[in-house]
Amino acid sequence: VYSSQGHEGLPGTIKWGKYDISKTGGYISGSYYLADDISLDTSLVIAKGYKLNLCLHGHSIQSRGSGFSAISILEGGELNLYDCQENNGIMRYFHLEDGLFYLKKSEYNWESEQSPLYGQLQGGVITGFADNPCIVAHGKFNLYSGAISANNNKNGNGAGVSIGKGGIFNMQGGTIAGNLSSGSGGGIFMGNHGNVVISGGE
């Protein structure tokens, strides 16, 4: 368990534990921070009546395959996403004509940094999920900090966040950028009977 000291912006009332990097998918609940980058084989699933508090801690969640989401929130489940290191670290990107970001985490020059298509994100990111929305919410998703970027859904609506029937998405901070879908809502897609409230972030 780690304390909230030195992890500004996180609720001090939560007892945080280090995420087990051997867990590459499946049902999950509790309060965790990432001590390293992780890659998933299947979705992390939050079941009805369960809650996941997750701090990216400046690291990334990436996909080892395609056709699944990073996190699926079932009806009655809840995800609170944070990044206590959102102002540290560098994730470089280029965005091409299609608007999709192409990320590379490096301290070295990546192609030409003079290009107007070049930019950088700071902190933790959920990235690289293909052919399905990165986060699917039929329950409640609260985004406080962290980035959802460079996800590419070629199979339909929503690449960053997809809010399904009964889903609630509260965006109070964080970044959703450089996601591309073949349908509607590259960054955020809201289906029928979903609810979105944006009060911060970008």
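Me: Is R64 buried or exposed in this predicted model?
Reply: Buried means under 20% relative accessible area, exposed over 50%, and partly exposed in between (1.4 Å probe, protein chains only). R64 has a relative accessible area of 55%. That makes R64 exposed.

Me: Which rules apply to the model and its numbering?
Reply: Residues are numbered from 1 along each chain as its sequence is written, and side-chain values use heavy atoms, leaving out hydrogens and water. The model is predicted: local features need pLDDT of at least 70, side-chain atom pairs count only at pLDDT 80 or more, and totals for chains, interfaces and linings use all residues.

Me: Which side chain meets R64 in a salt bridge?
Reply: A salt bridge is a side-chain nitrogen of Lys or Arg within 4 Å of a carboxyl oxygen of Asp or Glu. Here the N to O distance is 3.2 Å. The partner of R64 is D41.

Me: How many residues apart in sequence are the parts that R64 and D41 tie together?
Reply: Strands (E, at least two residues) and helices (H or I, at least four) are DSSP runs, numbered from the N terminus. R64 lies in the loop between β7 (60-63) and β8 (71-73). D41 lies in the loop between β4 (38-40) and β5 (44-46), so the pair ties together parts that are apart in sequence by 23 residues.

Me: Which strands are the edges of the open sheet of 7 strands?
Reply: Two strands pair if DSSP finds at least two bridges between them. The order is β1-β3-β6-β9-β15-β19-β23, with parallel pairing. Each edge strand pairs on one side only; these are β1 and β23 (195-198).

Me: Which residue in β15 stands opposite L79?
Reply: Strand β9 (residues 78-82) and strand β15 (residues 140-143) pair in the parallel sense over 4 bridges. Opposite L79 stands F141.

Me: What is the angle between the planes of Y82 and Y144?
Reply: Rings of Phe, Tyr and Trp (its six-membered ring) pair if their centres lie within 6.5 Å; planes under 30 degrees apart count as stacked, over 60 as edge-to-face and the rest as tilted. Y82 and Y144 are 4.8 Å centre to centre. The pair is stacked, and the angle is 5°.

Me: Why does the pair of F141 and F169 count as stacked?
Reply: F141 is in strand β15, and F169 is in strand β19 (residues 168-171). Both residues are buried. Their ring centres are 5.0 Å apart, and the pair is stacked because the planes are at 20°.
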